[in-house]
Amino acid sequence: MKVRQPIVTIHGAIAIAIGLLLSIISLTGSAIVFHQELDRRINPSLMRVVPQAKLVSLDNIVAPVQAAYPDFPLESIRFPQTPDGSYQVTIKAKDGENLDTFVNPYTAKVLGVRKWERSLMGFIYNLHSKLALGKVGSVIVGVTGLLFLLIVITGTMLWTGWRKLKRGFTVRTTAPLPLLSYDIHQVGGILSSTFLLILAATGAMLSGFALLFAFNQPPQVAKVLPPAKQPVALSELLRKADAAMPDGKTTYVVFDEHQAEKITVSKQLAHESIRFALSNVELNRYSGKVLNVNRVVEPPPMFKFMIAIGTLHFGLFGGIYTRILYVFIGFIPTVLLITGLVNWKRRRWLMARRESASQLLADETQSNRLS
């Protein structure tokens, strides 16, 4: 009991301190497990087209975007991954936010424009990873993940099943609300503890990686194209990239922010997932020369580690069933917070009752002595 009481205090104090933040992070995490599918469902007019026989050239896809925003530099072009998908051409707006233009790959018709940061899924994603507070939010999310680790560890130590296994997995459904809440907290916590440990640890690591990347970015410079030079047609650059890596599926074209003459064509090889595809072909936009062919058959150890962390955190292992499970796991911290608050209130009430009884007994003893 002497050891248990400090653990109870630590467990409860941290949970109360970060409970609301933890609920926001975990609930938005549930929402973004299927964020790409949800985004397509919410925005069919932007992301779904009727497949046709022939695709237009990449130059025709980009032309209406550049005509509409001649002063905004191109950031990237995301290729459709299904026959009914659209191109996403991203430019950097004057306010620094990304402006996405969606274009029909068969007709080059502009389907619509949006800012990712102001879309529903973009807001939820930003809330989950940064609490919509930028770099400061990333720090808070990372610290919350570390504290959540401590909550899960102390909660596991307090589990009653260590003393009696059957009791640790029993939910007394007919018991009064405080006891039912206690059982739900115990059983739900221990059953989800492994996944919560994984999510807390990987979430804290990803926040750390994001901060390192953000602080190590080179200073922003205006993208100025060399005068008196016309870039090679994008369709020709794409043909050269396909020739350099014919077995790779083109997923993105990225325009270098700091080297205006460089363009990178991202490729997905057969053994890579689209989320973690590392292979690419770098080309000079003005000469068409292939600068570098990066065929990543075996990622470097650091990238392997980061891919493993991302795979665990986003539930990208085990197929659709793991992702569905992750949706439900995202609700667990909120359930534990509510039941934990009920337990805390009950414990406070019991302590107050004991103190009152002790005081009453002391008063009676003192009265008897005086008499």
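This is a predicted model: local features need pLDDT of at least 70, side-chain atom pairs count only at pLDDT 80 or more; totals for chains, interfaces and linings use all residues.

Residues are numbered from 1 along each chain as its sequence is written, and side-chain values use heavy atoms, with hydrogens and water left out.

Of the 371 residues, 39% are buried, meaning under 20% relative accessible area, with exposed being over 50% and partly exposed in between (1.4 Å probe, protein chains only). Take the contacts (heavy atoms within 4.5 Å) between residues at least 6 apart in sequence: 59% of them join residues at least 24 apart.

Now the helix pairs. Two packed helices are described by the angle between their axes and the distance between the axes.

Select residues 4-32 and 134-158, which are helix α1 and helix α6. Their axes sit 8 Å apart at an angle of about 140°; axes are lines fitted to C-alpha atoms, for helices over the stretch in contact, and angles run from 0 to 180 degrees between N-to-C directions. That is why α1 and α6 count as oblique to each other: angles under 35 degrees are roughly parallel, over 145 roughly antiparallel, 65 to 115 roughly perpendicular, and the rest oblique. Show side chains and you'll find Ile-7, His-11 and Ile-14 among the α1 residues that meet α6, whose own partners include Thr-144, Phe-148 and Ile-151. By class, the contact of α1 with α6 has 17 nonpolar, four polar and one charged residues (Ala, Val, Leu, Ile, Met, Phe, Trp, Tyr, Cys and Pro count as nonpolar, Asp, Glu, Lys and Arg as charged, and the others, Gly among them, as polar).

His-128, Ser-129 and Lys-130 in α5 meet Gly-134, Gly-137, Ser-138 and Val-141 in α6. That contact divides into one nonpolar, five polar and one charged residues.

Hop over to α4 (58-68) and α9 (234-244), which pack at about 140° with axes 7 Å apart. That makes α4 oblique to α9. Leu-58, Asp-59 and Val-62 in α4 meet Leu-234, Ser-235 and Leu-238 in α9.

Time for single residues. Is Thr-251 buried or exposed? Zoom in on strand β5 (249-255), where Thr-251 lies: its relative accessibility is 3%, so Thr-251 counts as buried. Leaving aside residues up to four places away in sequence, Thr-251 touches several others, including Phe-79, Gln-81 and Ile-274.

Last stop: Pro-83, in the loop between β1 (74-78) and β2 (87-92). With 56% relative accessibility, Pro-83 counts as exposed. Draw a C-alpha to C-alpha distance from Pro-83 to Pro-51 and you get 5.7 Å, for residues 32 apart in sequence. Beyond residues up to four places away in sequence, Pro-83 touches Val-49, Pro-51 and Tyr-106.

Definitions and conventions. Helices (H or I, at least four residues) and strands (E, at least two) are DSSP runs, numbered from the N terminus.
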